Structure formats: structure tokens, C-alpha cells
Amino acid sequence: MSGARRAATTRDAAIGDIDWAQPAPGSVSSRFAAPSGELAVVSIGDPEHPRVVLLPGVTGSKEDFVLMLPVLAEAGYFVQSLDLAGQYESHLAGPVAGHPFTYDLFVDDIVAFLEAGTPAHLLGYSFAGTVSEIVAVRRPDLVRSLALLTTPPVADNVFRNVRWLGPFAPAASPQTVASLMVWGIVTNKNRVSPRRLEFVRSRFSLTDRRSIDEVMGLMMQTPDLRSALHALPMPKLVAAGTHDLWTLRAHERFATAIGADFRLYRTGHAPCETTPHQLSADLLSLYRLGDA
């Protein structure tokens, strides 16, 4: 293990039970008028610096990256994160009445956000990784590098490969999967710290429950973009935890199929929360390739 990796690992081990609702020092909150409605945004760093955009997944929020924001900004980047439509402080954004949440809705929002600034190093976490894949394939001119964090590494119904649901996936409805996910979060099946648990529970008071149900349906129709991703010229990274929802082997195969580097952390589905300094170090290596 290198000295830098050892230092990052030590910093991760010392995180403790922090207040996840507390903004990163120096960060600024704003709203972005996306096609689906206003999205909540947090930004940190010099806007003249190379841009990084971090996308949280369903049931998540921009606060999932609060420990990474200052690390990446201090390394010379302008870093932004935003809540997806329907999620937390972007809960009022979404489809027009009578229409469902779709991949195009999420993709159009992120394309508009990227177009409003300079091309960015894009990271998508879990479901947002699939959204990021589509964005990169459709608009590679907007993406300097692509990082996929615990993103579903399979196509079609991704839940058939989830450790705890696999055998029941063919019969499970999107609403059933959503209910199981929410139940697991609020009952702390992820074994997070008390203040983390308090924060993730509090987000459900705002998050549009319909958005969770319908995103689960979208994840049962995940597109197979492996060939298109492999053809993209930008550097790519697949990152996962040793105890992720999907197996290590599945993530490794996916990384190989799309021509991405692969990084593994001793954690679960949320390296951005539990190993943020190690993940940030690997992202900075990726960004140097994208900036070359």
C-alpha cells in the first residue's frame, strides 16, 4: 500500500458519527431550473477550475458526497452535486401530471445541467450511474471522464442479481422492491451510525415516494450499453464495495466490458460515505487522465 493510500485509509477510519446534514465548509447551495423542475445543487471550489459533477442515486441526495466535496475542491476542481428529480430537496421536480418518471427525464435534466457549464468529470452513484452512462453515450462532448460508483453492472432486471432479492426478482413488482429498499434503510439494515441513520430517515419526509417506485421499475429495464460505453474515448472507472448489492465478479466483468479501470473498497454499497478519501484519491487519478 502506498503512503497516499495508507493516509486515505486512515482518514476514512477516523470519520466517526458526523452530522450529514451539515454542509461542507465553503460550499454554496443553489437551485437549477432543469426541464423537469428546480433541482437542489451544492457547489464548492473555483468555477474557473475543471468541473466535477457527482450524482447521487434514488433515496439518496447530494449530502452523500459531503466528505468528498472539499477533498476534490482542494485538489483544484470546481465540484457540484445535485438531488435528482423527485429526491429530497428536488422532490417537486418530476414529470407532468399523468406521466411517469423515465430515463429520458433524468437524462434531459443532467444534460441541461452540464450544458449550463463546462464539460465535467461525471460520477453516477447506483441508479444515477445508469443515467450517467446514457448521458455519456448521447453527449460525450459534455463528459471528460466517467465514474460509475456501485452502479448496476448488469442489464434488464438488475434485481435478479442482487444478493438478497435475486430468487424473488422475477415475481417482485417495482412497488415491492421499493418497499423492501425503504424498509431496509429506515430499519438500519445497512448498520449506519446514529446521526447518519437520522439523516437518511429524515430525507423520506421530502422524497416523492412515487419516484422511488417508478425508478425501481426503470431498474427492471436497465439498458445494455456495454458496447457503446467501450467505444467512448474518455477515461472510465468502475468502483464498488466488497459487500455491494451486486457481486465483485459482476462488477469486474462490467468494468472489463466497457474498458474501465476497476477499484474495490472494503465497504458496502456506499463508498462515498464510508471510504470517501480512498474513492477521492482514485477519482483524482482518473481526472488527471481526463484533463490530459
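The side chains of Arg 144 and Asp 291 form a salt bridge, with N and O 3.2 Å apart. A salt bridge here is a side-chain nitrogen of Lys or Arg within 4 Å of a carboxyl oxygen of Asp or Glu. Arg 144 sits in strand β6 (residues 143-149) and Asp 291 in helix α11, so the bridge ties together parts 147 residues apart in sequence. Helices (H or I, at least four residues) and strands (E, at least two) are DSSP runs, numbered from the N terminus.

Arg 144 has 27% relative accessibility and so counts as partly exposed. Asp 291 is partly exposed too, with a relative accessible area of 29%. Buried means under 20% relative accessible area, exposed over 50%, and partly exposed in between (1.4 Å probe, protein chains only).

## About the model

This is a predicted model, in which local features need pLDDT of at least 70, side-chain atom pairs count only at pLDDT 80 or more, and totals for chains, interfaces and linings use all residues. Residues are numbered from 1 along each chain as its sequence is written, and side-chain values use heavy atoms, with hydrogens and water left out.

## Other salt bridges

The structure holds 16 salt bridges. One of them joins Arg 5 and Asp 282, whose closest N and O atoms are 2.5 Å apart. Arg 5 belongs to helix α1 (residues 3-13) and Asp 282 to helix α11 (residues 276-291), so this pair ties together parts 277 residues apart in sequence. Arg 5 is partly exposed, at 22% relative accessibility. Asp 282 is buried, with a relative accessible area of 9%.

Asp 83 and Lys 62 also meet through their side chains, in a salt bridge of 2.7 Å from N to O. Asp 83 lies in the loop between β4 (78-82) and α3. Lys 62 lies in the loop between β3 (51-55) and α2 (69-74). The two residues are 21 apart, and the pair links distant parts of the chain. Both Asp 83 and Lys 62 are buried. Salt bridges with shared partners join Lys 62, Glu 63, Asp 83 and Glu 89 into one network.

## The nonpolar core

The largest nonpolar core has 94 residues. Such a core is a set of buried Ala, Val, Leu, Ile, Met, Phe, Trp, Tyr and Cys residues joined through side-chain atoms within 4.5 Å. Phe 106 and Phe 127 have the most contacts inside this core. Helix α3 (residues 103-115) gives the core its largest share, nine residues.

Phe 127 touches Val 58, Leu 84, Tyr 103, Phe 106, Pro 152, Val 215, Leu 218 and Met 219, leaving out residues up to four places away in sequence. Contact means heavy atoms within 4.5 Å. Leu 218 is in helix α7. Leu 218 is buried, at 9% relative accessibility. Beyond its neighbours within four places in sequence, Leu 218 contacts Phe 101, Thr 102, Tyr 103, Phe 106 and Phe 127. The C-alpha atoms of Leu 218 and Arg 266 are 29 Å apart, and the two residues are 48 apart along the chain.

## Two crossing helices

Two packed helices are described by the angle between their axes and the distance between the axes. Helix α5 (residues 174-186) and helix α7 (residues 209-219) have axes that come within 8 Å and cross at roughly 120 degrees. Axes are lines fitted to C-alpha atoms, for helices over the stretch in contact, and angles run from 0 to 180 degrees between N-to-C directions.

From α5, the contact is made by Pro 174, Gln 175, Val 177, Ala 178, Ser 179, Met 181 and Val 182. From α7 come Arg 209, Ile 212, Asp 213, Met 216 and Gly 217.

## Loop residues

Tyr 88 lies in the loop between β4 and α3. Its phi is near 45 degrees, a positive value in a residue other than glycine. Tyr 88 is buried, at 12% relative accessibility. Ser 126 lies in the loop between β5 (120-125) and α4 (127-138). Phi of Ser 126 is also positive, near 55 degrees. Ser 126 is buried, with a relative accessible area of 11%.

Thr 267 is in the loop between β8 (261-265) and α10 (271-274). Thr 267 counts as buried, at 12% relative accessibility. Setting aside neighbours within four places in sequence, Thr 267 contacts Gly 241, Thr 242, His 243, Asp 244, Thr 274 and Thr 275.
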